[in-house]
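Reader: Hi! Could you walk me through this structure?
Author: Happy to, ask away.

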Amino acid sequence: MNKKVTIKEVASAAGVSAAVVSAVLNGKTDKIRVSDEKRTLVLDAADRLGYVPDISAQKLKTGDNHLIATFTYENIFPVESKTEFYDFFVGVQEEAERQGYDLIILNNWGRDTDRTARLKIASGAVMIGVNRDQGHISSLVRQQFPLVFIGRRDIGVNLPLNCVLFDYKKGIERIIGSLKPLIRPDGILFVHNDDSTEHSVDKFAYITDICQREDIRLRTMTYMTGAESEIIKNIEPGGTIIFDRLYMIPCFAPLLEKKGLIPGKTIFGGVLEDDWMGINHDWTSWANRRRDLGALAVRLLISKLRGDDSTLDNIVDLDLVERSSSLKS
């Protein structure tokens, strides 16, 4: 392994003091007067010796090296536009650039044996995705490493977490409000995931509370692959169905059509997700604001790095997108 070149070695090769080298390489020549000749000598020596700055050391001195990490425990890092995480990532990248921060991506999480050391090269981090190592996350929070989650996260311990959230409650209220004139006494059939991810838990709780408040009967069925036919039996013409996730729509579409259930004509409803896949033409939902949420995560992280605990809102509103399923023709 090649030995790391130090500032003292660069100074010796350039024939100047270590203080001059530090000023030149760290862009602080306004603090120490350095002639153009000496600046050239330093840069030439650093280039010749292959000097690489110690980012971790710089961070210890300044507290913020203007470097943000983004990472995930998901199997594939969100660099493909077809993943549900892509728009979050774009929002993070664009906002980091606007704020003058560089972004590093950590994507070998499953094989990384020294995760924390890698992550701490950056001043702070944004985590994307629902999969995670609870022990590792808890350790980072206990060490007070600046960390912001995209979405609510429960790590099972009484530790402060910084999250940015979609306002699911308002989003669901708006969908049910658009459907209310069409809902019959048999109420709404809510087809939901059988999982314990925070966003699914939250959406289930909100739709339950809202229907109770509005005196709307709510029937629930758990979706599993192959269960579509059984679920469809519970929907008759004029009924209302709400899907928890976007991916369910193409699974049910052929069966609905076969039964003569056409959104906005013989069946009504919505989906509690934005159309990030670009496949939803019929079902009322909410607007895709994933990039806004990613950008908000960066702004919240930077406010923490700067010690600014002012009232920065951590919630992104969800605007209603009405489609034929809530517009009776």
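Reader: How many of the five residues of β8 are buried?
Author: Five of the five are buried, so β8 is largely enclosed by the rest of the structure. Buried means under 20% relative accessible area, exposed over 50%, and partly exposed in between, with a 1.4 Å probe and protein chains only. Helices (H or I, at least four residues) and strands (E, at least two) are DSSP runs, numbered from the N terminus.

Reader: Which residues sit on which side of β8?
Author: G239, I241 and F243 are on one side, with T240 and I242 on the other, and both faces are covered.

Reader: Before we go on, what kind of model is this?
Author: This is a predicted model, where local features need pLDDT of at least 70, side-chain atom pairs count only at pLDDT 80 or more, and totals for chains, interfaces and linings use all residues. Residues are numbered from 1 along each chain as its sequence is written, and side-chain values use heavy atoms, with hydrogens and water left out.

Reader: What is the mean pLDDT of the chain?
Author: The mean is 86, and 88% of the residues reach 70 or more. pLDDT is the predictor's confidence in each residue, from 0 to 100. Among the elements, helix α4 (residues 55-62) has the lowest mean, 51, while strand β10 (residues 284-286) has the highest, 98.

Reader: Back to strands, please! What is the order of the six strands in the open sheet?
Author: The order is β7-β6-β8-β9-β10-β12, and the pairing is mixed. β7 (218-223) and β12 (320-321) are at the edges with a single partner strand each, so one side of each has no neighbour in the sheet. Two strands pair if DSSP finds at least two bridges between them.

Reader: In what sense does β8 pair with β9, and over how many bridges?
Author: Strand β8 (residues 239-243) and strand β9 (residues 267-274) are parallel, with five bridges. G239 stands opposite I267 in β9, and I241 has G269 as its bridge partner there. β6 and β8 also pair in the parallel sense, over four bridges, and I188 has T240 of β8 as its bridge partner.

Reader: Nice. Which strands does helix α8 lie across?
Author: Helix α8 (residues 168-179) lies across β6 (188-193), β8, β9, β10 and β12, at about 160° to β10. Helix α9 (residues 198-213) packs on the sheet too, touching β6, β7, β8, β9 and β10, and its direction makes about 165° with that of β6. Axes here are lines fitted to C-alpha atoms, for helices over the stretch in contact (heavy atoms within 4.5 Å). The angles run from 0 to 180 degrees between N-to-C directions.

Reader: New topic: which residues of helix α11 are buried?
Author: In α11 (residues 248-258), they are M248, I249, F252 and L256. Down the helix axis they fall within an arc of 80°, so they line one face of α11. That arc is taken from the directions from the helix axis to the C-beta atoms.

Reader: And what covers them?
Author: The cover includes β6, β7, α10 (228-232), β8 and β9. On the face turned away from the buried side, α11 carries the exposed residues P254, E257 and K258.

Reader: One more: where is D215 found?
Author: D215 is in the loop between α9 and β7. Its phi is near 60°, a positive value in a residue other than glycine.

Reader: Is D215 buried or exposed?
Author: D215 is exposed, with a relative accessible area of 72%.
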